Structures are given as C-alpha cells and as structure tokens.
Amino acid sequence: MARKANTMPVISKLYCSSSQVVLAVRRRPHVVNGGGFVVTDCSQMVVFRVDGCGVLGTKGELVLRDGNGDALLLIRRKGGMVEALSIHKKWKGYSFDYEGSQKLVFTLKEPARSCLANNNAIRISTEPKSSSKLCEYEINGYFPDRKCSIIDSTGNVVAQVGVKKEVEELMASKDVYQVVVKPGIDQAFVFGVIAVLDYIYGESTRC
C-alpha cells in the first residue's frame, strides 16, 4: 500500500492534493487584460489567476486569486529606507482569513545584488502554523528558461517548472508552461512563489 503524503498547508489544506498535480500556466498579454497569468488543470478549468501591477495599478504588489476570482494571497515587495540599504530585497505573502484580515504566511528573498554576496539563491521561508514548524525553500534553476524547481531544506523537489517538448518546438516564447506540484504541497503557495519570480524577472505581472 502506498504511503499517504504528508500535507503541508501554507495557505490552506484545500490546495494540498494527495497525488501529484500537473497544472498549465498561460501568461496574459498586457494590452488585453493587464498582464498576469492564468493557471488551469487538465480539464482546462481555471484553478488560480495572478493579477500584477497592470491590473492593480500598484508596482511591487501581486494578488493570487482562486478559480472564482476570490483573493487568496496579497504579495507585496517590502519597501522603506532599511530595505533600500539591504543586500536582499524581500517579498511578503499574506493570506486572508474569513473576516478579511491579513496574515503573513511566507517571505521570499530576492537574489543579492552585491558582488560581496557569495550565494545568489532565491530563498523562501513559511510562517509556522500551530501544527507545523517553519519551513525553508530555495529556487534551483533559472525561471526565465522555464527550467527551475522549488526545493525544500533537505533537497527534495516540491514543485517543478518546465515546458512540454512539443510545446517548446511549436512556440519560441515561454508564454505557456507547466508546473508539477508534488503530493501534499500547497498549490496556492507554489503559485504565489511563481508570481514573485515572474515579477522579479520582469515578465507578465510587471508593468
């Protein structure tokens, strides 16, 4: 009998599947609907969508929505004088509770922009829930090439970004790609991280 995958909710256990999930991402053009991207399942049903500054009108701010258009995550780039002097730029992801209050659920550090920094990896930490401890993740690979993974502190891949070979042969652009999310991993968290990667590298969520 197969061992049941451990569920690791960051936003909600509703977005944790007991089996591996493959989701498709399609970037939206800025000229049509303000950019961002849409995430669909194998049945072409919209699972998530991300609105960037082309929709929100605010730089350094992203919103992850569910298939019904309800906001799941508000993601902001931290600002201020202290941040301006810091080697690392930080992003904060906030979930919404049933009363609409915001709760910090993850922090992402952009690559260091200093030649003095030895490690330019993008790192993510999640806030501990009552039943779990703080988790650390890292981006392995290069997102603009659509060849990267989110790995945990033990080196296990929790989600992988890639392009199907047949799609890559047909399309020179990287507007369509797929994300494989491992069992038990919070899919909303994964796409919150991907939304930030998209912005960092100046893609569909950025003005």
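Buried residues are those under 20% relative accessible area, exposed residues those over 50%, and partly exposed residues those in between (1.4 Å probe, protein chains only). The model is predicted, so local features need pLDDT of at least 70 and side-chain atom pairs count only at pLDDT 80 or more, whereas totals for chains, interfaces and linings use all residues. Residues are numbered from 1 along each chain as its sequence is written, and side-chain values use heavy atoms, with hydrogens and water left out.

Six salt bridges are present in the structure, a salt bridge being a side-chain nitrogen of Lys or Arg within 4 Å of a carboxyl oxygen of Asp or Glu. R123 and E138 form one of them, at 3.4 Å from N to O. R123 belongs to strand β8 (residues 123-126) and E138 to strand β9, so this pair ties together parts that are 15 residues apart in sequence; strands (E, at least two residues) and helices (H or I, at least four) are DSSP runs numbered from the N terminus. Both partners are partly exposed, R123 with a relative accessible area of 33% and E138 with 25%. Salt bridges with shared partners join R28, R49, D51 and R65 into one network. Within it, D51 pairs with R49, the closest N and O atoms being 3.6 Å apart. D51 is buried at 4% relative accessibility, while R49 is partly exposed at 27%. D51 also meets R65 in a salt bridge of 2.8 Å, N to O. That pair links distant parts of the chain, with D51 in strand β3 and R65 in strand β4 (residues 61-66), 14 residues apart.

The second largest pocket has a volume of about 340 Å³. On a 1 Å grid over the protein atoms alone, a pocket is an open set of points with protein on both sides within 12 Å along at least five of seven lines, and lining residues have an atom within 4 Å of a point. Grid points are joined across faces, edges and corners, and the volume is the space filled by probe spheres set on the points. Strand β1 (21-27), β2 (37-40) and β12 (176-181) each supply at least two lining residues, and the largest share, five residues, comes from β1.

Q44 is found in the loop between β2 and β3 (46-51) and is exposed, at 62% relative accessibility. Its phi is near 70°, a positive value in a residue other than glycine. R146, in the loop between β9 (135-142) and β10 (147-152), also has a positive phi, of about 60°, but is buried, with a relative accessible area of 1%.

Terms used
On a 1 Å grid over the protein atoms alone, a cavity is a set of points where a 1.4 Å probe fits but cannot get out, and a pocket is an open set with protein on both sides within 12 Å along at least five of seven lines; lining residues have an atom within 4 Å of a point.
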